[in-house]
Amino acid sequence: MGNLPKERITPDKVFSSTGIDLCGPFLIKNKYQRKGPEIKVYVCIFICLVTKAIHLEIISDLTSQSLIATLKRFISRRGKCHKIFSDNGSNMVGANRALRDLNKLVRDRNESLYAFFAEENIEWSFIPPRSPNWGGLWEANIKAFKYHFKRVAGNSKFSYEELLTLTTQIEAILNSRPLTPLSADVDDLEVLTPAHFLIGRPITAIVEPSLIDFETNCLNVWQRITKSVQTIWKRWSLSYLNGLQQRKKWVVNNENLKIGDMVLIREENLPPCKWLMGRVIALYPGQDNKKSELSDGSSIYKPEKTTTPLRVVFDASAKTSTGQSLNSILLNGGSIQDDLFSLVTRFRTHKYAFSADIQKMYRQILVEPSQRYLQRIVWKETNNSPIKIYELNTVTYGTVSAPFLAMRVLKALADAEHQDFPEAARIVSRDMYMDDILSGATSLTSAKSLQADLSKLLRRGGFELHKWVSNHPALLNDISTSEYSFEGTQSNTVKALRMLWKPQPDQLTFKVSVKKKDSLTKREVLSQIARLYDPLGIIGPVIAKAKIFMQSLWLQKLDWNDNLPTKVLQVWNDFLVKLPGVNEINVPRYILSEDVTKIELHGFSDASERAYGAVIYIRCVTHSGLIQTKLVCSKSRVSPLKPITVPRLELSAALLLARLMHKIVPVLDLPLDKICLWTDSTIVLAWLNMQPHMLKTFVSNRVAKIQSLCSNSQWRHVSSKCNPADVLSRGADAKDLRDNDLWWQGPEFLLRDITDPEEYPCPKDKTFEQELKRNVTVSCAVTNDSDFFDKLLNLTNNYSKLIRILSFCCRFIKNCLHKNVETGFLTAAELDNAEQLLIKQVQSTTFVKEITALQDGKSVPVSSKLKSLDPFLDSNSILRVGGRLKNANLDYDAKHQIILPNGHKITKLIFEFYHKRYLHVGAQGLLHQVRLRYWPLNGKSTARMIVHNCVICYKNKPVIADQIMGNLPKERVTPISAFTNCGIDFCGPFLIKFKNQRKGIYSKIYVAIFICLSTKAIHLETVSDLSSEAFIASLKRFITRRGKMAMIITDNATNFKGAKSELNRLFNLIRKPDECLANYLSSERINWKLIPPRSPNFGGLWEAGVKSFKYHLKRTIGLYKVTLEEFNTIIIQIEGILNSRPLSPLSSDINEYEVLTPAHFLIGRPITAIPEPEIINISDNKLSRWQQLTKFTQIIWKRWQREYLNHLQ
């Protein structure tokens, strides 16, 4: 095992470093639903890397908004985390659609998720791709969660509230696991668990009778949940505790299968609970002597093959039970041989040419013995014969790596035998395409020698050459394996890499057979075009015309299986009638001449509105002065569907020609005397003689590429009537092409001496001028004038918007001054720099004397208001508070706050920003939040002024009545753990809708409020109805997260009476079978106390909590209907708000930087709310559903603490 990361072994606060992952989906139903569609939900798992504490949340979908809402609920209950770790997502690719959505959510964070982490300063770290072992901590807990959940839930469908209850109890189970091995000491009755770090004591579940042996149909829905949880606890104790002293996973080998074992037969499309069972009757061990994969076979029948018309193919693409095939996990190795174009082109340069084939090449190459078990097949001689298992020992046709392995072996053989057969080794490395050799020589003697060396070289590797074919009979006389004879075979053709070759006349030819049909589809047209095999482009005009027709079908927006219209079909049939004319085309294979003294290459390009292309000719001059030109190759492309100008098409044709010439020169490997490139466009020639930076982007990129491929001196002008590429760009029928001398021989001036090109003046065409860049001078002025900042402050009253405007201004200036241009979302560093720049400018105009004195090394004047703050200038020349907290373990901003001037607009904007950010917090709470980063002079007055001038706060200001207060009960004033003495009340009903519901009946839900009598901490839970069973379920969820309480005080409502009777019945049932256990439970028994009937004043604490909750909720949601998950998100955030209220008034002392809140008793630190952009003033119809929830929460924050802080004394 490797070393643990520092986040795992460094003591830190709970959930400060958190791992996050998702599992699912799980199907839930709506309340009271019997039939209809089910809804997918997921479970989000948060795990503390230090304490292994677990927090589970239900998430409705895999969107960034849902993930942010889940993080809000988590932070509102567990506090803000500083670092989040998660998978990289790439290891999830291909698993299923849900995981692909999660991969996209995690890897491609959109602006809202990016801004959330940037503003909150939460660092999101990814584990390396394809390394799930790095996230073993959360993967193990997902396994633990799913292991228990799936085995107890089975195929049962729960409602949202039922699933929430079950997952919350599973969370308590996982948080109750011991962190240290159990001790042998009989007096050691307790172990350290993650719950100790969460609530400071163990989580004690409610004692209930065992329901495991009861039938499910005899239980109500809440008893079924209880039975499921009891089953989980039983499996947990059996599966985990007994093996805690030693992890057997790393030291014990899994037992191998044996004949007679019962196994599950995996089905990819079925859940595990529905897999069939089977019994092992035979074993076929693999390389690891454990298991093996088998493949079935298929066959390919080709009657035209003379040697092997029927081939058995190993189907390595057949998927196994895992959903993968052998080919899907094999590497193909890539292509290490030249392409067909290069081989056939080079084949035309040999005067004496030959071809041959390696006999059964794949069967001569052995596979590594350790890999052969992957090539197992099943075989039966007859229908009644037993099944036999065979291993294929050689490279097998059908595997994706077979071509690479074969070519790699041939190249290795050529390298090994290079010293004995240097020329043959070069031919094997260069002129072989799989098992075919296509080569030759310039003389008959060297050709014979090369044949012999090739046979000897390959024979040393166990390969035999056969099917010899040559253009000269002398090369076949001494070879017994030749299948070609020169006697009476004038019209016989053979295939050379699928090209038809007539060896005796030494010509390349074509063979096309077509059948006319009364109806054709676009798919059939494409199939007929694909049969025109011409890698060199010899019949390029014919293929170009077919491509143009195919493009016309796309313009008509025909589907693949749609029949062609009658007129279109007639055009295609006319083309097919003339297509057999290509069978009469015979092209010389050999492109050179005898006694050549000079070899030149000439390329031509042209374009039309329908297509553009390039063609290359070779020009040979002999000793006698005879000049011959022959077609070498061509390439064409159809014009793009988006209309562009003809000069741009001509430039695209020139680029195509440059690339084709750049490819063919090294392929021919001939001593070339000259290379000329011709075009009939003077505009293109003018562009090629210019610098690319003077042209617009489209033309500039192509001109730069052409200039890098060839020199400008090679380009010349040709008239359109002498340009053979004109035939290619317009297309031609087969019969017309056969008699076109311009295409086969090139222009006539190539047969004469070619003079130097004339100088063409720069054209004055409008198209040419439109492609020229205009000279534009851009200047950027940077100013430090304070008027700029004064105008900037007057632009908006939104502080967040002001900082973002200044950040973009700073980025623009930086991009103008540096080459590295920054784009995309604003980063947290850019926002901080802009904020510091603005505050620095404000301080320089309001604290001139103080800053000047500090810069001179003096102390501030005695008469200055800053004297008591002991101010200093930081590294960025920002004025900060000195104070006496230099050695405190706090953030730098909390120890040394930025000083803000009294009455300045920037101070007012910051107060207003924090007032809205924390949902209209009261004056004291507002000042507390501001002082965490800034120290405003006369801050109390400013905070009261901001709250007093807030119109929304004024409209909703409650009327508080003065009453004579009585003595507080002892539960209120006795120090004790949080929620040990707890008050409970209900509020509601609230109407919610189902997910994706537009119309129909809304459902009622209620909110149960749990309030600690000593710390005033609040916990909120949703309850589906006012029944005892529903209340017990909410009580279970509360206890599993907050721990068991000693006393509950409630109203005298009937639902509480029933719950108390139910718990008493449970205690009585357990007391009878085991006296010792009953005595222990009696000492830990929850004391339930009811206040007097019709006396709500006795429960003033929770009534005030109900009032605070409803006060904020009703004024924000109003009549708006939300789903259960959205409602749960809102109430948990309200819970975080109420738990952030100070328990003591704020002081003016600069050294008192923090206040005591109920959150300190829950998680040991404050709950930091999530900063979000201000969207209160945006209409609801412009916001997404999650943005509407954010708006509701922002309105809640406007009013929290109002009725509490102002009357705290």
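Is glutamate 1103 buried, partly exposed or exposed? With a relative accessible area of 27%, glutamate 1103 counts as partly exposed; here buried means under 20% relative accessible area, exposed means over 50%, and partly exposed is in between, with a 1.4 Å probe and protein chains only.

Before going on, a word on the ground rules. This is a predicted model, where local features need pLDDT of at least 70 and side-chain atom pairs count only at pLDDT 80 or more, while totals for chains, interfaces and linings use all residues. Residues are numbered from 1 along each chain as its sequence is written, and side-chain values use heavy atoms, with hydrogens and water left out.

## The whole chain

The protein chain has 1209 residues, and 48% of them are buried. Its secondary structure comes to 41 helices and 33 strands. Both are DSSP runs numbered from the N terminus: helices are H or I with at least four residues, and strands are E with at least two. Take the contacts between residues at least 6 apart in sequence: 69% of those join residues at least 24 apart. Contact here means heavy atoms within 4.5 Å.

Glutamate 1103 sits in helix 37, which covers residues 1100-1117. Leave aside its neighbours within four places in sequence, and glutamate 1103 is in contact with Asp985, Asp1051 and Pro1096. Phenylalanine 986 is 117 residues away along the chain, yet its C-alpha atom is 9.3 Å from that of glutamate 1103.

Asparagine 956 also pairs up with a residue from elsewhere in the sequence. Tyrosine 1111 is 155 residues from asparagine 956 in sequence, but their C-alpha atoms are 9.2 Å apart in space. Asparagine 956 belongs to the loop between helix 32 (951-955) and helix 33 (970-973), and it is buried, at 17% relative accessible area.

Axes are lines fitted to C-alpha atoms, for helices over the stretch in contact, and angles run from 0 to 180 degrees between N-to-C directions.

| Helix pair | Axis distance | Angle |
|---|---|---|
| Helix 12 (residues 422-430) and helix 13 (residues 444-460) | 9 Å apart | about 75° |
| Helix 25 (residues 799-817) and helix 26 (residues 828-846) | within 8 Å | roughly 100° |
| Helix 29 (residues 905-917) and helix 31 (residues 939-949) | within 10 Å | roughly 60° |

What do those angles make of the pairs? Helix 29 is oblique to helix 31, and the crossing of these two is right-handed. Helix 12 and helix 13 are roughly perpendicular to each other, and helix 25 and helix 26 are roughly perpendicular too. The cut-offs go like this: under 35 degrees is roughly parallel, over 145 roughly antiparallel, 65 to 115 roughly perpendicular and the rest oblique. A crossing is right-handed if the near helix is turned clockwise from the far one by less than a right angle, and left-handed if anticlockwise.

Which residues do the touching? In helix 12, Glu423, Ala424, Ala425, Ile427 and Val428 make the contact, and helix 13 brings Leu450, Asp453, Leu454, Leu457 and Leu458. By class, that contact of helix 12 with helix 13 has 8 nonpolar, no polar and 2 charged residues. For the classes, Ala, Val, Leu, Ile, Met, Phe, Trp, Tyr, Cys and Pro are nonpolar, Asp, Glu, Lys and Arg are charged, and the others, Gly among them, are polar.

Helix 25 meets helix 26 through residues including Tyr799, Leu802 and Cys810, and those on the helix 26 side include Leu831, Ala834 and Ile839. The contact of helix 25 with helix 26 has 10 nonpolar, 1 polar and 4 charged residues. In the remaining pair, Lys908, Phe911, Glu912 and His915 of helix 29 meet Gly939, Thr942, Ala943, Ile946 and Val947 of helix 31. The count for helix 29 with helix 31 is 4 nonpolar, 3 polar and 2 charged residues.

## A few backbone details

Lysine 467 is not a glycine, but has a positive phi of about 55°. Lysine 467 lies in strand 15 (residues 465-470) and is partly exposed, at 25% relative accessible area. Arginine 498 has a positive phi as well, near 70°. Arginine 498 is in the loop between strand 16 (494-496) and strand 17 (499-502), and counts as exposed at 56% relative accessibility. Finally, the peptide bond from glycine 24 to proline 25 is cis, with omega near 5°, and proline 25 is in strand 1 (residues 17-28).
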